[in-house]
Amino acid sequence: MELSTTVSELRYALDTFFFLMSGALVMWMAAGFAMLEAGLVRSKNTTEILTKNICLYAIACTTYLVVGYNIMYVDNGSGGFLPSIGTLIGTQAEGADHSLESDFFFQVVFVATAMSVVSGAVAERMKLWSFLIFSAILTAFIYPMEGYWTWGGGFLSEAGFSDFAGSGIVHMAGASAALAGVLLLGARKGKYGKKGQIYPIPGSNMPLATLGTFILWFGWFGFNGGSQLMVSDFENATTVGQIFLNTNAAAAAGAITALFVCKSTWGKADLTMVLNGALAGLVAITADPLSPSPLAAVSVGAVAGALVVFSIVGFDKIKIDDPVGAISVHGVCGFFGLMVVPLSNSDATFGAQLLGAVVIFAWVFGASLAVWAVLKATIGIRVTEEEELEGMDVHDCGIDAYPEFVSVK
């Protein structure tokens, strides 16, 4: 066997392994979302939120395998608007740097991440089965469409839109779908008073919420690092190291800034805001974790950490009830991340970034609003007042997450 052939096969194997391990890290983020949301909802809704998280992951893996990946990537024209429609994931391209199956696995965990954003925002008052039906539609069709326009080589890609690992394509898209659902769903009972009062509804388990954030932070190294796609030569290996550094720096700066904003505003170190500050930094740097210098990455994370605090408060003031702050973390900070890309990446323009952000929001929000509206008019999307009062665990799952006692006969 020739040396060049051996080297080529080794690089193929290494890049495939890197892709798979990065995908495994992102898959672990599903646990992070589950723990974060379980900690930030009331104990009577914990089992239901965990059920949603594991089921949405399973649904995303199935629908994206059957049809979503094909819509996003297979046999599509460059610069187009409408994808070709087919099933499954196609065939391995000759001369590829990694296996097709590893590419699918890496992409499918991103789809599940986008859907996970929706889960927390509609928590504590949405019907389980309505949510699961929407999960299938988002992951099979809505997400793959905008994925084709961007990462799949469609018209936004041709227009110069740049989103390295998905601040807009994944995170803002998930937040757009969540916002559409929240607007039709309404706020939780007791969240807002008749005279505009805002009543906090504390989460049930701060250790779980903190654990979830650390899991997400950990998984984000696969999210951003794996998006380099290769690690088998000097340049790409060095690049992945830079991406890890900037990703971590932005998260840390977001947490610190949120801490100081809370202290200066309310005189308290609000843990939930600190957690969301770290996530906000991660979301914002995801659009381009490579081009900024380490100090620039710190600046991006710091601004996002402040922005998310004011955004969460602002949404509360206009009575948009988001129990975990997902719309602010993933939507507002996802948009911010897209718009600061040209500050460090000369290949990106503000016009192309704004076009991409507007198209992604308009498509995902509009399509989601239509789906939510159909569900609301048919099977309904909100539980009854009695079910909401007693908790979703009893009515949807029949299992308490934290039973106070167990009777043994």
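**Salt bridges, questioned**

Biologist: What makes E388 and R382 a salt bridge in this predicted model?

Modeller: Their side chains meet at 2.8 Å, N to O. The cut-off is a Lys or Arg side-chain nitrogen within 4 Å of an Asp or Glu carboxyl oxygen, so the pair qualifies.

Biologist: Why is E388 called buried?

Modeller: Its relative accessible area is 3%.

Biologist: What makes R188 and D321 a salt bridge?

Modeller: Their closest N and O atoms are 2.8 Å apart, and the limit is 4 Å, so they count. R188 sits in the loop between helix 6 (167-185) and helix 7 (206-225), while D321 is in the loop between helix 10 (294-317) and helix 11 (326-339), 133 residues apart. Both R188 and D321 are buried.

Biologist: How do you know that K191 and D316 make a salt bridge?

Modeller: N to O is 3.7 Å. That is within 4 Å, so it passes. K191 is in the loop between helix 6 and helix 7 and D316 is in helix 10, so the pair ties together parts 125 residues apart in sequence. K191 and D316 are both buried.

Biologist: How many salt bridges does the whole structure have?

Modeller: The search finds six.

Biologist: Which residues do salt bridges with shared partners join into one network?

Modeller: R42, E124, R188 and D321.

Technical notes: Residues are numbered from 1 along each chain as its sequence is written. This is a predicted model: local features need pLDDT of at least 70, side-chain atom pairs count only at pLDDT 80 or more; totals for chains, interfaces and linings use all residues. Side-chain values use heavy atoms; hydrogens and water are left out. Helices (H or I, at least four residues) and strands (E, at least two) are DSSP runs, numbered from the N terminus. Buried means under 20% relative accessible area, exposed over 50%, partly exposed in between (1.4 Å probe, protein chains only).
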